[in-house]
Structure formats: C-alpha cells, structure tokens
Amino acid sequence: MRFSGSGLASHARGRSLWRLATWGLAALALAAAPQAAAPQAAAAQAVVDARGPQPAPHAPGRPYAARGLPDRIVLVAGADPAREMAVSWRTDVNQPKAELDLVEMANAPNFGLRVRRVGGTSTRVLSENGEAIHHRARLSGLKPATTYGYRVKGADGWSEWHQFRTAAASRAPFRFLYFGDTQNSILSIGALAWRRALLQAGDPAFIVHAGDLVASREELVHDDEWGEWAAAGGWALAALPQIAAAGNHEYVDVTLPDGRESRRLGAHWALTLPFPGNGAPGVETTTGVIDWQGVRFIILDGTSAIDLGTLEVQTRWLEAELSRPGADWTVVVMHQPVFTCARPDDTPRIGEAWRPLFERYRVDLVLQGHDHCYHRLTDPRGRAAGSKARAQGGAQGPVYLISVTGSKMYGLSQRALAQADRVAEDTRLFQIVDVSPGRMAVRAHLATGELYDAFDLVRGRDGRNRLVEPVRDLPAMRRCTGATHDLNADSLNADSLPCTVRRR
Ligand SMILES: [Fe+2]
C-alpha cells in the first residue's frame with residue numbers, strides 16, 4: 001500500500017461519528033458496500049451503504065432523490081454485444097423487483113405487443129439522498145445487428161421506451177466515442193463535451209469512459225455525483241452501451257481493522273455498471289473484455305493493480321486475452337497512463353508489467369485518463385524520433401492517448417512536451433474513433449467541436465500499422481503562457497483566460 005499519514009484514520013473516525021449521529025443506530029445493521037457486484041440472490045434484502053465519508057452540501061433543490069418513476073437508466077455492453085447487454089436503473093423503495101420489458105423494435109407504434117418481460121436483481125441502497133432500489137437486468141439471447149426496445153418499471157409507472165442496436169456478428173465498420181475524466185463539474189461543464197460529441201458523432205455505436213467518471217471526494221455528496229453523471233448523458237446512457245474503466249476516484253479511502261489505510265471500490269460503480277463478468281479473476285467488477293465487430297476492448301483496473309495487489313492476476317489475464325485469436329484490432333481502456341503528461345513520473349509498475357505485453361501483442365490503441373490534459377504519444381523515445389521513424393516507413397506500435405472531459409486541469413510536464421506528438425493544456429475534449437477494414441481513424445475534438453488532433457492507423461500487408469496524419473492545418477497547440485514549471489497568476493491559456501491548470 002502506498003498510503004501514509006494519519007489523515008485517513010481520523011477521517012474514518014469522523015465518518016463513523018457522522019453516521020451514528022445522522023442515521024441512528026439502524027445504520028449499524030447495514031452491510032458495508034461490497035467491492036463485488038450487487039448480490040444476485042436475496043433481492044432487496046441486504047442494504048448497500050453508498051454514502052460518502054462525511055456530511056456534504058446537497059445539490060440545490062435535492063434533485064437526485066429516487067422517485068416512483070425509474071431514473072439513472074444505463075445500458076452496458078455485454079461480453080458479446082451482438083447477443084448480450086445489461087441494464088441498470090434506480091427506483092424508490094416501493095419498487096422492490098427488477099422488471100424490464102424487452103421487445104425487438106418495430107416501426108408500427110404498437111411494437112409493445114411483442115414484449116417479453118425480463119427479470120433481474122435488485123439491491124436496496126442507502127445514500128445521502130435516502131433509500132433507493134438499484135436494479136439490473138442482463139439481456140441475453142439477442143440477435144446481432146438488431147434494434148431492440150426496452151423500458152423499466154417503477155412503482156408509479158414505466159420509463160419511456162429506449163432503443164439500442166446490438167453489434168453485428170461480422171467485422172462491419174463502426175464508430176465509437178472516447179471520453180477522458182469527467183469527474184469535476186460533471187453536469188455543469190463535463191456534459192458540454194458529451195453532448196457536443198453525441199451530436200457531432202451522429203451515430204456512435206457506444207461510449208468508452210477511461211475512468212474518473214466522478215470524483216468521490218469527501219466534500220461532495222457521492223449520490224449527487226452519480227445523479228449528475230446520469231443527467232449529463234440522459235437518454236443517451238440508456239440508448240448507447242457504455243464501456244468504462246474504473247479510475248482511482250471511483251475508489252474511496254478506508255481504514256482496515258488493523259489500522260492500515262486502503263481503498264475499496266465505491267458502491268455506485270457496480271450498481272451502475274454491471275460488467276460482463278469475464279475479467280481477471282477476483283477483479284471482474286472492474287475488468288473485462290468486449291469484442292465489438294472485430295475490435296477487442298480490454299478493460300483494466302490500474303488502481304486495483306497498484307493499490308490492491310491485483311497487478312499479477314490482471315497481467316496474467318491480460319496476456320491470455322491478448323493472445324486469444326478472434327480480433328483484428330485491440331484497444332486497451334484503463335485509467336492511469338503508462339506515459340504521463342502531467343505527473344513528473346510515469347506509472348512504473350503498470351509500465352513494467354503491461355507495456356511489454358502491449359508491444360509484444362501489438363495493441364493498437366491505449367485509451368487513458370488520470371492526467372487531465374491531452375496527450376498523444378506514438379513513440380516513447382520522443383516526437384522527433386517517432387516522426388523520423390514514420391518518414392522511413394517504420395511500423396507504429398501502440399498509440400497512447402490521454403484526454404479529459406471535465407473541468408479539472410493539470411499542467412503539462414516538460415518531458416511530455418518533447419515526448420508526445422500532440423498535447424493540450426487547460427482544454428476539454430472528446431474523441432471520435434472510426435474503425436473500418438484496415439483502418440482506425442482517431443479524431444480528437446475540442447469541447448466546442450473543432451478538430452484538434454487527427455491520425456489514422458493503417459494496417460499494412462505485413463500486419464503492422466503505419467500512422468498517417470491526414471490533416472495538415474490543425475490548430476496551434478493549446479498551452480498556458482509562462483514556463484511549465486513556473487506558472488503564476490499571470491499565466492493565460494489558449495483562450496486568453498487565466499490558466500486553471502494545477503501542477504502535479
Ligand atoms: Fe482524474
């Protein structure tokens with residue numbers, strides 16, 4: 001464990017006192033929030049405690065309490081998204097049972113006549129917004145490349161119908177969105193990039209989140225943060241499958257019985273994002289693999305690897321997934337970057353364990369977050385070496401991307417400035433990725449929509465990628481003025497506003 005200092009211990013004591021004071025002795029009977037998925041049996045019996053560590057001010061008007069109609073409806077990709085999906089949603093306590101209506105969508109308005117009722121599991125949850133029931137249902141036996149409709153039930157009625165499309169069983173082209181950390185000002189600011197992305201992408205197949213969906217800070221109501229996250233995406237979260245990696249901010253600090261400080265996954269993660277269950281043994285709640293039309297997405301959990309002792313088991317599982325045939329492209333989704341853009345040091349344990357595998361098995365793209373800047377690294381030796389190698393026809397190894405969606409920003413390190421092909425500081429972005437036979441085209445856009453970075457990975461006859469930069473007139477690199485190591489109050493960003501970055 002890398003935790004030190006006494007702050008966390010006193011913090012935990014404060015949390016206990018607050019709970020006794022605010023929730024009464026009944027709170028003592030509550031089960032601690034598990035890291036594992038919500039219980040499969042005994043629906044609505046055990047109570048998951050999803051409260052943050054101490055009292056914090058609610059969102060104005062308390063908009064995030066559960067009601068008699070379902071909310072927080074989230075569609076999650078299954079392991080075989082041509083045939084499997086999962087849905088999570090929330091109701092008040094008057095709807096103890098998971099009930100979902102599923103239908104193969106038709107264009108006549110009475111499509112609901114063919115509905116099939118699907119059950120699921122339900123978990124009673126205590127949050128700062130009171131008690132609620134979080135439900136989930138797994139949809140299996142779906143037909144590939146088919147549009148389905150579904151709705152979910154609350155005590156006061158059904159949700160509206162949502163519709164989604166399963167993946168094709170073949171290697172057809174598709175488009176997806178990739179978002180870096182949303183985390184801060186999730187609804188007020190983070191949602192701007194999401195919504196611009198959804199309009200601009202037109203018809204993305206799904207959304208990839210590279211961790212830190214929320215902040216889980218002690219001064220914030222955690223349930224409000226997840227309420228904001230659901231409100232940011234609205235119906236799009238119910239209509240597009242989500243593929244998400246957990247960030248360090250999805251974890252909360254805890255003190256173990258022996259006094260050591262540790263982390264556990266916040267309760268909202270498993271309640272909101274039911275993973276396929278095919279991840280690294282013991283880490284199935286935050287790791288998994290999803291094959292989408294010839295592209296293998298491998299989700300890793302860097303926080304668990306670094307802080308909770310699962311690096312080896314994830315590494316073994318990663319190698320097994322990388323060596324398994326059946327995919328033309330491989331995309332790794334994880335939070336902590338192998339090569340950082342803001343922190344002084346890279347992530348050594350992850351770099352040592354996973355980078356050699358990424359290279360040996362020719363991972364195409366590594367989608368990351370954590371550093372709150374934009375960073376496209378194509379050659380660890382640096383930008384000049386990468387450019388020279390490309391000019392000589394050299395093959396492209398994994399491309400490492402970092403991006404950020406929410407409001408928190410970190411300043412670029414001097415090393416990143418020389419190492420990466422393209423960077424941005426104090427800038428919110430979203431990414432659109434198009435996959436077609438032999439080509440993966442990545443476009444990073446500013447939150448207002450303008451193109452900021454563009455590259456294509458083109459598969460050669462030798463089976464290796466070549467990197468092509470098809471757009472010559474990209475905007476100037478967005479930096480804050482002043483020396484990177486000496487930002488001060490006079491530093492301005494690319495929009496001539498005071499630079500908001502923090503130093504790492
Ligand atoms: Fe973050």
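User: What percentage of the 504 residues in the protein is buried?
Analyst: This is a predicted model: local features need pLDDT of at least 70, side-chain atom pairs count only at pLDDT 80 or more, and totals for chains, interfaces and linings use all residues. A residue is buried if 20 or more other C-beta atoms, placed from the backbone, lie within 10 Å of its own. By that cut-off, the buried share of the 504 residues is 48%.

User: What is the mean pLDDT of the protein?
Analyst: pLDDT is the predictor's confidence in each residue, from 0 to 100. Residues are numbered from 1 along each chain as its sequence is written. Over residues 1–44, pLDDT stays under 50. In the protein, 90% of residues reach 70 or more, and the mean is 90.

User: Which are the edge strands of the open sheet of seven strands?
Analyst: Strands are DSSP runs of E, at least two residues, numbered from the N terminus. Two of them pair if DSSP finds at least two bridges between them. The order is β16-β17-β18-β19-β21-β20-β22, with mixed pairing. Pairing on one side only marks the edge strands, β16 (288–292) and β22 (422–424).

User: How do β19 and β21 run, parallel or antiparallel?
Analyst: Strands of a sheet pair through backbone hydrogen bonds, in either direction. Here four bridges join β19 (residues 365–368) to β21 (residues 399–402). The two strands run parallel.

User: Which residue in β21 stands opposite Gln-368?
Analyst: β19 covers residues 365–368, and β21 covers residues 399–402. The residue in β21 opposite Gln-368 is Ile-402.

Conventions. Buried ≥ 20, exposed ≤ 12 C-beta atoms within 10 Å, placed from the backbone. Contact = placed C-beta atoms within 7 Å.
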